[in-house]
Amino acid sequence: MTVQSPNVTGLKLKRKSRLLEVSFDDGNTYTLSCELLRVYSPSAEVHGHGNPVLVTHKKNVNIDAITPVGNYAVKIVFDDGHDTGLFSWKVLYDLATNQVELWENYLARIRAAKASREPMIDMTVKYHN
């Protein structure tokens with residue numbers, strides 16, 4: 001017997017604080033950071049076809065758009081151009097209810113890889129003849 005995840009009843013993007021508030025029909029509301037959503041995007045690009053890729057430098061990532069997909073998911077477009085993940089209600093619920101553990105796991109992976117959450121610095125390169 002599979003337990004069905006609750007359905008999403010509301011999404012509220014808080015751009016300034018880079019948070020997405022997700023309400024479910026079980027009465028619970030969770031707040032997810034845009035960074036968590038981005039680094040755990042359910043896309044093939046992130047999941048690496050079964051071998052998850054460590055996504056770095058996303059501390060300041062934000063959401064540009066959220067588009068409904070049927071009655072079961074949303075497509076989230078991030079301001080870094082990533083837009084290939086479909087966030088089903090189950091994926092959002094799993095991220096919401098496991099976010100503390102997922103976040104600790106992400107931070108441990110960042111430390112182990114000696115990587116950074118900090119955004120990359122935009123640089124203008126000038127060539128001299």
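Q: How many bridges join strand β4 to β5, and which way do the two run?
A: Six bridges join β4 (residues 63-69) to β5, and the two run antiparallel. Strands here are DSSP runs of E with at least two residues, helices are runs of H or I with at least four, and numbering goes from the N terminus. Two strands pair if DSSP finds at least two bridges between them.

Q: Before we go on, what kind of model is this?
A: This is a predicted model, where local features need pLDDT of at least 70 and side-chain atom pairs count only at pLDDT 80 or more, while totals for chains, interfaces and linings use all residues. Residues are numbered from 1 along each chain as its sequence is written, and side-chain values use heavy atoms, with hydrogens and water left out.

Q: OK, back to the strands. What is the bridge partner of Thr67 in β5?
A: Lys75.

Q: And what does the turn between β4 and β5 look like?
A: The two strands form a hairpin with three residues between them. Gly70 sits in that turn with a positive phi of about 55°.

Q: What about β5 and β6, how many bridges there?
A: Three, and again the strands run antiparallel, with β6 covering residues 86-88. Ala73 has Ser88 as its bridge partner in β6.

Q: Switching to the core. How many residues does the largest nonpolar one have?
A: It has 27 residues, and those with the most contacts inside it are Phe24, Leu32, Leu37, Phe87 and Leu92. Such a core is a set of buried Ala, Val, Leu, Ile, Met, Phe, Trp, Tyr and Cys residues joined through side-chain atoms within 4.5 Å.

Q: Which element gives the most to this core?
A: α3, with five residues.

Q: What does Leu92 touch?
A: Not counting residues up to four places away in sequence, Leu92 touches Val8, Leu11, Phe24, Leu32, Leu37, Val74 and Phe87. Contact means heavy atoms within 4.5 Å.

Q: Now Ser41: where is it, and is it buried or exposed?
A: Ser41 is in the loop between α1 and α2 (44-47). Ser41 counts as buried because its relative accessible area is 0%; buried means under 20%, exposed over 50%, partly exposed in between, with a 1.4 Å probe and protein chains only.

Q: Which residues is Ser41 in contact with?
A: Beyond its neighbours within four places in sequence, Val46, His47, His82, Gly85 and Phe87.

Q: Last one, what about Val39?
A: Val39 lies in helix α1 and is buried, at 5% relative accessibility. Leaving aside neighbours within four places in sequence, Val39 is in contact with Val46, Val55, Lys58 and Tyr106.
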